[in-house]
Amino acid sequence: MLGASLGFGAWGLGFLRRRFLGPILFCVVLAAEAASAAEVVPPKPPAYFNDYANVVSKEKARVLNEKLAQFERETSNQVLVAVFRKMQSDSSIEDYAQRIAQAWGVGQKSQSGGNGVVLLVFIDDRKMSIQVGYGLEGTLPDVTAFDIRSRHINPHFKNGDYEGGLEEGIDLICKAIRGEYRGDGETALEKRRTSGASSGCGPLGFLVMLIVVLVIIRLGRRKGGYGYTGLGGPFVSSGWGSGWSSGSSSSSSSSGGGFSGFSGGGGSFGGGGSSGSW
Amino acid sequence: MKTSLGFGKLLLLVSLFSLTGCGTYNRLVTLEQTVNKKWADVQSVYQRRADLIPNLVSTVAGAANFEKSTLTEVTNARASVGQVKLDPSKAPTDAAELEKFQQAQGQLSTALSRLLVVSENYPQLRATASFQGLQAQLEGTENRISVERNNFNTAVQEYNTALERFPTNMLNKMFGFKARPFFTAAPGAEKAPEVKFDFNKPSPAATP
C-alpha cells in the first residue's frame with residue numbers, strides 16, 4: 001500500500017515535472033527578461049510637490065505643495081509635480097511621462113476625462129515633461145505648455161536654478177488653467193476623509209487595518225524599542241529613489257495645518273502637453 | 001433514436017444559450033461600443049494632424065528658398081490620406097482596410113518628420129514664433145496619435161478575447177459579432193527618416 005502510494009507519488013512528481021516544469025521555467029525566464037527590459041513607473045506620490053532628487057529646499061517644497069493643494073480646493077484642478085534623478089525607461093520622455101501621468105490618475109475623471117497636469121523632471125537626464133489631462137487640453141494647449149517649458153522653465157534649469165524654474169512653471173501652469181473648472185473648497189483626499197469615514201470601513205477595510213497595525217507592532221518590536229519615526233506623518237513614503245519622507249520632520253500631525261496629501265481622481269492623459277530637454 | 005438525438009442537441013443549445021445568453025450579449029455590445037469609441041478617438045487625432053498641415057505648409061513655404069520637394073511630399077501625403085475614407089463611427093472589420101489607412105497615415109508621418117528635419121537647415125524659419133508653435137502642436141499631435149492608437153489596440157484586444165472565449169465563440173456568429181484588426185507597428189517606424197541634402201544647390205545661408 002505504502003509502496004504503491006510512494007510509487008504513485010514518484011510518478012506524479014515525474015508527471016508534474018514533465019507537464020509543468022517546462023512552462024514554469026519558461027515563465028520564470030520570461031519574467032526575468034521582462035524585468036530587465038521593462039521600465040519602472042514610479043508609485044503614486046503622496047504629495048502635490050514631490051522632490052525625490054533633493055534639489056529644492058524642504059521649506060520651499062512645503063510652500064509649493066500647499067499652494068497646489070489650495071489650487072485644487074479652489075479650482076478642482078490637480079497639478080502634480082515630481083522631480084526625479086533618472087528616467088527608468090528606454091522609451092522617449094513623451095511616452096514615459098504619458099504612462100506615468102496615466103498611471104497616477106491625476107485629475108478628476110468627471111471633468112471631461114481628467115483635469116490634471118503633471119510636471120515631471122528628470123535631473124540627471126536633463127529632461128522634463130508637462131503632461132496635460134484630457135479635460136485641460138483646451139486651456140493649456142501644447143503651444144502654451146511648450147512656451148512655459150522652453151521660455152520660462154528652461155532658462156532657470158540651465159543655470160541650475162531648479163527651485164526658481166519649478167516655481168515659475170507651477171505659477172504659469174496654474175494661471176493658464178484657472179477658471180476652467182470650479183472647486184468646492186476641498187481636495188479629493190479631504191473629501192474622501194469627510195465622506196468616507198463611515199462607509200469606507202467595511203469588514204475588509206477593518207481586516208486590512210488590523211494587519212497593518214500588527215505589522216507595525218512587529219516591526220516596532222524588531223527594532224528594539226526605537227520609535228518608528230517614519231510613520232509620524234499622514235503618509236508613508238514608499239522610498240522610491242532617495243525618498244523624500246514627508247512626515248518624519250516637523251509636520252507630524254495631520255491636523256495641525258501641516259502637510260496636504262494628494263489623491264488622484266482617475267484622470268486620463270492623451271499625450272497632450274510638451275516634453276523635451278534643457 | 002434520431003429524434004432523441006435532435007432533442008439532445010436542442011437541449012444543449014438552449015442550455016448553452018441560457019447559461020451565457022443575455023449577459024454575454026450585453027457584454028459584447030459594450031465592448032464593441034468601446035472599440036468604436038476608441039476608433040473615433042483615433043480618427044479625431046489623425047484629423048487634428050491633417051488640419052494642422054495647411055498652416056504648416058504655408059508657414060514653411062514663406063521661408064526663403066525652402067526645399068520644394070519636401071513640401072510637395074507633405075501636400076501629396078495629406079491628399080492621399082484624405083482619399084482613404086473610413087467610417088469614423090465604426091471600427092473597421094477588414095484588416096486590409098485598416099492596413100491601407102495606416103499606410104496612408106504612415107506616409108504622412110514620414111513626410112512630416114522629414115520636413116521637420118529639413119527645417120533644421122533654416123535657422124531663421126525655426127526662430128519664428130509661428131513655426132515653433134506649429135512644431136509644438138505637431139509634436140503634441142503625434143504623441144496623441146500614439147496614445148489613442150494604443151488605447152484602440154487595448155480595446156480591440158479585450159473585445160477579440162471576449163469573442164474567442166468559450167462558450168461565447170459558439171454564439172458570436174449567431175449575433176454577427178466580428179473580430180477587429182489591430183494597428184500594427186509600421187516597419188521602420190522606429191527609425192528616424194532619412195534625409196538627403198543636396199549640397200550642389202546654393203545653400204539657404206548663402207542667399208541674402
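Helices (H or I, at least four residues) and strands (E, at least two) are taken as DSSP runs, numbered from the N terminus. The model is predicted, so local features need pLDDT of at least 70 and side-chain atom pairs count only at pLDDT 80 or more, while totals for chains, interfaces and linings use all residues. Residues are numbered from 1 along each chain as its sequence is written, chains are lettered from A and ligands numbered from 1 in the order in which they are written, and side-chain values use heavy atoms, with hydrogens and water left out.

Chain B reads α-α-α-α-α-α along its sequence. The chain has six helices and zero strands. Of its 208 residues, 38% are buried. Buried means under 20% relative accessible area, exposed over 50%, and partly exposed in between (1.4 Å probe, protein chains only). The accessible surface of chain B is about 12,300 Å², and carbon and sulfur atoms account for 58% of that area. Accessible areas come from the Shrake-Rupley method with a 1.4 Å probe; for residues, only the protein chains shown count as cover. Contact means heavy atoms within 4.5 Å. Among chain B contacts between residues at least 6 apart in sequence, 82% link residues at least 24 apart.

Nonpolar cores were considered next. Such a core is a set of buried Ala, Val, Leu, Ile, Met, Phe, Trp, Tyr and Cys residues joined through side-chain atoms within 4.5 Å. The largest has 50 residues, and A:Trp104, A:Leu120, A:Val121 and A:Leu166 touch the most other members. Several elements of chain A each supply at least two residues of this core, among them helix 2 (58-75), strand 2 (78-84), strand 3 (116-122) and helix 4 (142-158). Beyond four places in sequence, A:Trp104 touches residues including A:Pro42, A:Pro43, A:Leu80, A:Phe84, A:Leu120 and A:Gly264. A second, separate core of 44 residues includes B:Val42, B:Ala77, B:Ile145 and B:Phe152.

A cavity is a set of points where a 1.4 Å probe fits but cannot get out; a pocket is an open set with protein on both sides within 12 Å along at least five of seven lines; lining residues have an atom within 4 Å of a point. Grid points are joined across faces, edges and corners, and a volume is the space filled by probe spheres set on the points.

The second largest pocket holds about 350 Å³ of space. Its lining has 19 residues, with A:Tyr134, A:Ser268, B:Lys38, B:Asp41 and B:Asn151 nearest the centre. Helix 1 of chain B gives the most, six residues. By class, four lining residues are nonpolar, seven polar and eight charged. Here Ala, Val, Leu, Ile, Met, Phe, Trp, Tyr, Cys and Pro count as nonpolar, Asp, Glu, Lys and Arg as charged, and the others, Gly among them, as polar.

Four cavities of 30 Å³ or more are present. Helix 5 of chain B provides the largest share of the lining, four residues.

A:Lys109 lies in the loop between helix 3 and strand 3 of chain A. A:Lys109 counts as exposed because its relative accessibility is 57%. Its contacts beyond four places in sequence are A:Gly114, A:Gly265, A:Gly266 and A:Gly267. A:Lys109 and A:Tyr134 are 25 residues apart in sequence and 9.2 Å apart in space, C-alpha to C-alpha.

Definitions and conventions. 1 Å grid on protein atoms, 1.4 Å probe; cavity = no way out; pocket = protein on both sides within 12 Å on 5 of 7 lines; lining within 4 Å.
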